[in-house]
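The entries follow in the order in which I took them.

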Amino acid sequence: MGILVVGTVALDSVETPFGHVDRALGGSATHFTAAASFLTPVAIVGVVGEDFPHAELDFLRQRKVDLSGLETLPGKTFHWKGRYGFDLNSAETLATDLNVLTQFSPKIPKNLRESEFVFLANIHPALQIQVLEQIVRPKLVALDTMNFWIQGEPDLLRKVMARVNLVVINEGEARQFTGEASLLKAARQIQKLGPRIVIIKQGEYGALLFYEQEIFSAPGLPLESVKDPTGAGDSFAGGMMGYLSRVGQVDLKTLCQAIIVGSSMASYNVEDFSCHRLKTLTLPEIVSRINQFKKLSHFEEITL
Ligand code: AMP
């Protein structure tokens, strides 16, 4: 049991209308793990540079996250600089400094090659392929990506997608990747490549699940205070995959529940910068938000 995640461990400089941080802890694998580690054992494979403040990951060590696959290479840690306006749904990337990521070649430790659940978080698709080539008989492999790689490596990305079971992608990127305006058509086009399951994230408005022919929609929970949406997608994926791994099943019922767990995690993540909110989050708080989600879209049977 448990999840193997490969993705970026980063230093992020982020500006929103509600504040800013400079070189704060970030990265797709970090945000994913901050959420998933509430639910299931997680092992990270990734790379940082010599400038990385390792003590920042102590909260993950306390949750027994396996960091033995996190390499340190000479050079600087991956750095992302982004800005959000009042519409917090899309980030403007100001800089993507790949740094040590360009020398990285993921080596999956022997004991992790048989992980049942694998998450290829947002990272270069060539690295995602290298991971696929080292894992043995996984129950579920999921993939996330973003505009940077859709633009830079579309063919390679198509190749990796064909080899995974689940793709999670945000709505703008699904349209960019497929050239389809309709999200239904975009999801069907991605399913045709291979993955049976496609999840389209819609920022503050929720998420859509396409499972074979079925569709399920999770609402977005209206929040009073959103400070920084960075990592919302990754913490959503962490909650979702964490729940699937905890239950050990991938069927429609579990997937629908998993998407609500993911939405709850993301709704907390956006309340503060970096991973601050998920550091102090508790299981009872997660349960309480899941209940708010249930109330938000529940209605009694309608007879006409
Ligand atoms: P999201 O969940 O989509 O908001 O992802 C935010 C995280 O993605 C940030 O913490 C960044 O460090 C990381 N990130 C930004 N650009 C890239 C990229 N091109 N590849 C991998 N990770 C990235």
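Entry 1. Does Gln191 count as buried or exposed, and at what relative accessibility? I looked up the value and found 14%, so Gln191 counts as buried, the cut-off being under 20%. I note here that the model is a predicted one. Gln191 sits in helix α7, which covers residues 183-193. Its side chain makes a polar contact of 2.8 Å with the side chain of Arg188. I then set aside the neighbours within four places in sequence and listed what else Gln191 is in contact with: Arg196, Val198, Phe210, Tyr211 and Glu212.

Entry 2. Glu212 was in that list of contacts of Gln191, and I followed it up. Glu212 lies in the loop between β12 (206-211) and β13 (214-219). The phi of Glu212 is near 50°, which is positive, and the residue is not a glycine. For background, I wrote down that most residues other than glycine have a negative phi.

Entry 3. I took Arg137 next, for its backbone angle. Arg137 has a positive phi of about 45° and is not a glycine either. Its place is the loop between α3 (125-132) and β9 (140-144). I recorded Arg137 as exposed because its relative accessible area is 67%, the cut-off for exposed being over 50%.

Entry 4. I moved on to Leu101. Leu101 is located in the loop between β7 (92-97) and β8 (117-120). At a relative accessibility of 8%, Leu101 counts as buried. Which residues does Leu101 touch, not counting residues up to four places away in sequence? I found Thr8, Val47, Phe78, Ile123 and Leu127.

Entry 5. I turned to the ligand. How many residues surround the ligand? I noted 18, and the closest are Asp12, Gly27, Asn122, Gly231 and Asp234. By class, this shell has eight nonpolar, eight polar and two charged residues. I then looked up polar backbone atoms against oxygen atoms of the ligand. For Gly27 the distance is 2.7 Å. For Gly231 the distance is 2.7 Å. For Gly233 the distance is 3.1 Å. On its own the ligand has 510 Å² of accessible area, and the protein covers 90% of that. The elements that give two or more residues to the shell are β2 (10-16), α4 (147-152) and α8 (232-247). Helix α8 supplies the largest share, three residues.

Entry 6. Last, I took values for the whole chain. I noted 11 helices and 13 strands. The radius of gyration is 18 Å; a compact globule of 304 residues would have one near 19 Å, so the chain agrees with that expectation. The C-alpha trace spans about 70 × 40 × 35 Å along its principal axes. Of the 304 residues, 53% count as buried. The chain exposes about 13,500 Å², and carbon and sulfur atoms supply 52% of this area. Among contacts between residues at least 6 apart in sequence, I found that 65% join residues at least 24 apart.

Definitions and conventions. Residues are numbered from 1 along each chain as its sequence is written. This is a predicted model: local features need pLDDT of at least 70, side-chain atom pairs count only at pLDDT 80 or more; totals for chains, interfaces and linings use all residues. Side-chain values use heavy atoms; hydrogens and water are left out. A residue is near a molecule or strand if one of its heavy atoms lies within 4 Å of it. A polar contact is a pair of N or O atoms within 3.5 Å; within protein, one must be able to donate a hydrogen and the other to accept it, and residues adjacent in sequence count only if both atoms are side-chain atoms. Accessible areas come from the Shrake-Rupley method with a 1.4 Å probe; for residues, only the protein chains shown count as cover. Helices (H or I, at least four residues) and strands (E, at least two) are DSSP runs, numbered from the N terminus. Ala, Val, Leu, Ile, Met, Phe, Trp, Tyr, Cys and Pro count as nonpolar, Asp, Glu, Lys and Arg as charged, and the others, Gly among them, as polar. Buried means under 20% relative accessible area, exposed over 50%, partly exposed in between (1.4 Å probe, protein chains only). Contact means heavy atoms within 4.5 Å. The radius of gyration is taken over C-alpha atoms; the globule rule is 2.2 Å times the number of residues to the power 0.38.
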